[in-house]
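I opened the notebook to log a few look-ups in this chain. The entries follow in the order I made them.

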Amino acid sequence: MCPFSIALLLSVTRIQRFEEQVFDLLKSSVIKSFKDLQLLQGSKFLQNLVPNRCCVSTMILKVVKNSVHSWDHVTQGLVEFGFILMDSYGPKKILDGKTIETSSGLSRMPNQYACKLGANILLETFKIHEMIRQEILEQVLNRVVTRASFPISHFLDLLSNIIMYSPLILQSCSSKVTETFDYLSFLPLQTVQGLLKAVQPLLKVSMSIRDSLILVLRKAMFASQLDARKSAVAGFLLLLKNFKVLGSLSSSQCSQSIGVSQVYVDVHSRYSSVANETFCLEIMDSLRRCLGQQADVRLMLYEGFYDVLRRNSQLANSVMQTLLSQLKQFYEPEPDVLPPLKLEACILTQGDQISLQEPLDYLLCCIQHCLAWHKSRVMPLQQEEEEEEEEGFHQDLDDMLESITHRMIKSELEDFELDKSADFSQSTGIGIKNNICAFLVMGVCEVLIEYNFSIGNFSKNKFEEVLSLFICYKKLSDILNEKAGKGKTKMANKTNDSFLSMKFVSDLLTALFRDSTQSHEESLSVLRSSSDFMRYAVSVALLKVQQLKETGHVSGPDGQNPEKVFQNLCNITRVLLWRYTSIPTSVEESGKKEKGKSISLLCLEGLQKIFSAVQQFYQPKIHQFLRALDATDKEEEEVEVSITHRAAFQIRQFQRSLLNLLSGQEEDFNSKEALLLVTVLSNLSKLLEPSSAQFVQMLSWTTKICKENSWEDASFCKGLMNLLFSLHVLHKSPVTLLRDLSQDIHGHLGDIDEDIEVEKTNHFAMVNLRTAAPTVCLLVLSQAEKVLEEVDWLITKLKGQVGQEIIPEEASSQATLPNHPIEKAIIIQLGTLLTFFHELVQTALPSGSCVDTLLKDLCKMYTILTALVKYYLQVCQRSTGILKNMEKLVKLSGSHLTPVCYSFISYVQNKRSTSLKYTGEKKKEKSAAGATAMARALRETKPIPNLIFAIEQYEKFLIHLSKKSKVNLMQHIKLSTSRDFKIKGNILDMVLREEEEEENEEGTASEHEGQNKEPAKKKRKKEMKCLS
């Protein structure tokens, strides 16, 4: 495929009868190209054999670039093809607001690449061709509006890129955009937020678009549907953030700047600052009305006010006064009244329905963050200008938060009617009400913890208040967990977030673990004395990172700002890494036994999540991230250290931790910690360059660990083996490794013939009686399947080359020479895999997934052997013969694989007949268990006919190849006799007589259950004789 042939195909799409076929061909070529690329990237074996090819994306985008030269016949095809790729390979389903990928992890990457290519085609075509712009925009907006039940983030991203490229040009298409606004009330909230964020640059350059949006939002504010009202709030908040009142601080933290010269027109020259201020105050007036609506609407408002204030500081007075008047409704002004908040007023009771009306915790959280920002940014400037007009709300809010803190500490749980005797069940009205109150109190405690720590300036009294607030939080948390455990109700959905901001969590952890300033020592010792508080601080960090992994952002101030989140992530990682490496888990746990995970283990869990999240969301910033972790790194350092070197430094720290863990006593072995360390090492090893010395070092270290350690822990073994394979495939083919492991498995599990004693090999101590099956067995079979896929891919490639070649007769003898290295590599891979299967097929594997997978993989092995034979049939038409290695491979398959395959089939069928007989005897006692055992036995034997068919197909094509090549390949193949159904009468009579005798002995069967298995085995052998 080349740019010219792609352009030719696209021009053919104008002919209606070829349109569908051509697009199908192009679509399958694109996805195949991405799958091939993925296969090549994941295998050093393939990289050595197949040269790098030109990427399909580059070729198609070259066609787009060339289409500027009056290639009108290609343009329409490009647009259609772009949308076909985005429609076919975009994310597929939505479940509870989250996008669910229907494809497996491996196939997801090619799909994402194909979808991204579609978006790039449309964006580049939009930039180049003025004629087609209207159509592209219309189609994107149509999909945004009509596909409400599908994830459309990829279309919103494309729309955002189009508008960012040319907001002024899009003014000509304003009618289509305003038409889309009419549907805002009916779209899901997530779509509305994405759409409004995308069209934001247009609002700054087009008054008509802005006015029509405001009209739509005002209508939505009074709609009957809750989602429509939430959409209105989201829209108004976005407008407040982006229409600055003259005199507002320039916000360097702005998370979405418009990086296009066209939009750097002075907004105030178009809309005067007075008009902007009037406009913003009108919106604030509309938003105040929302404070009388449902909790969800109020909550959105509280979450958005901080960003509004940060972007538009001139609105501070209006925002803070609004929040102050709202808080006063739920605040007890009398200083002696306990509790200080009117929780009853926050709950709405309508008949039997009890629900939250005022999210008081979110209100306080919003006030605390807005107040902190106002103090740090606005007040210093006001003091310079000697303005004191806004001091009122500032002092009032500080006094109220101070009073709430003192009274919350004085309050007992009984004051809130939330002690241990309270009802927390979800089935009663009182229980639901108590749950709501408990979560409100816990939220308020968290907000006050952050407030008091932040204003405390390392005062001992303030930190004692922080600890008292935490004790109140913990008491409630423990009661809820205890009640949830008894009632089996799930509280997880409500406790998966914390009101602490990520910046505060970062500062708190740094203070607790890394602050050695003498003047802070006394006050910090108050917090450090509570291991529960320390554990809580680390747990909140884990919650934040988990939230980042799931949604791509975190809750709280600046949670949507990737730069700020990344900065906090670096700080948190540095502290957790220091804490884990300085105080190992073994040291911490030996000191005192407490409930729950140790702090060190929590730190390790946090590190594992962070390394995974950074690779997922901050791939371009990995070098910066690793540099931030290196404590020895100096800013002025001139020599640039590579990612591989920095990653290797971190890897060595975790290798030491794992070796320390493995060198301890078996009873002290912490399986959870070992598995986390292996996962961290797996994440970090992905950052190593496969050709580097550090990578080879990592591989040899992992191999050594697997060879020398024999822990009988299945999950640890699985993690370590997965790491070994993932490293090995990037260095060289893992077939010899598979062969060694199969010999170990055979040695530990024994032979299918009980009379044969297998010599035990000990290549890998990690393989033992406990881990050999199913853990290691399934892993090696999965890896063998991947090797077979690679070989199959190579054979398909060779067949394609043979099909394309047109060779003159005199040159036919050299026809296959260019392919000799690939052919040899294929034969060596299959030969080694054949010895691998030779071992496993003779192993007494337990019934279940191991047997099932082995039979399927054997079937695949024979199918690929057949494909290779078919390839040589093609080659024989053009050349004189086949490789000597091929003859050896056929000989090996005839002597080492096919005979033992039939023995294994007999072994599986014997086990099945024993299982079915045992099931029949036990049916009356346990019908459900019997049915399960019978279903499992039938499932295991299902692949047997497929395997036998694959073997026979292989032998059939070998006969054809023998005739074509004039080489007798069948001399090494012993044709099976177990498929010849000739009945021998004398043996049949003997078997029937035995059956009668067994029936007579059934009365005492229960006493001799253990002895029944041997006759069953003998009987099966006689049956086999009878059928031969």
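Which residues is lysine 241 in contact with, leaving aside its neighbours within four places in sequence? I listed Gly304, Asp307, Val308 and Arg311. I note that the model is a predicted one.

Entry on the setting of lysine 241. I placed this residue in helix H12, which spans residues 226–242. I then looked up its burial and found lysine 241 to be buried, with no salt bridge. The nearest side chain of opposite charge belongs to aspartate 307, 4.0 Å away. Aspartate 307 is also among the contacts I had listed for lysine 241.

Entry on a helix pair. I turned to H7, residues 133–146, and H8, residues 153–165. Their axes come within 10 Å and cross at roughly 145 degrees. I recorded the crossing of H7 and H8 as left-handed.

Which residues of H7 and H8 meet? From H7 I noted Ile136, Leu137, Val140, Leu141, Arg143 and Val144. On the H8 side they meet Phe155, Leu156, Leu158, Leu159 and Ile162.

Entry on the whole chain. I read off 40 helices and four strands. The chain has 1028 residues, and 50% of them count as buried; lysine 241 is a buried residue too. Last, I checked contacts between residues at least 6 apart in sequence: 76% of these join residues at least 24 apart.

Notes. Residues are numbered from 1 along each chain as its sequence is written. This is a predicted model: local features need pLDDT of at least 70, side-chain atom pairs count only at pLDDT 80 or more; totals for chains, interfaces and linings use all residues. Side-chain values use heavy atoms; hydrogens and water are left out. Axes are lines fitted to C-alpha atoms, for helices over the stretch in contact, and angles run from 0 to 180 degrees between N-to-C directions. Helices (H or I, at least four residues) and strands (E, at least two) are DSSP runs, numbered from the N terminus. A crossing is left-handed if the near helix is turned anticlockwise from the far one by less than a right angle, and right-handed if clockwise. Contact means heavy atoms within 4.5 Å. Buried means under 20% relative accessible area, exposed over 50%, partly exposed in between (1.4 Å probe, protein chains only). Lys and Arg count as positive and Asp and Glu as negative; His and the chain ends are not counted.
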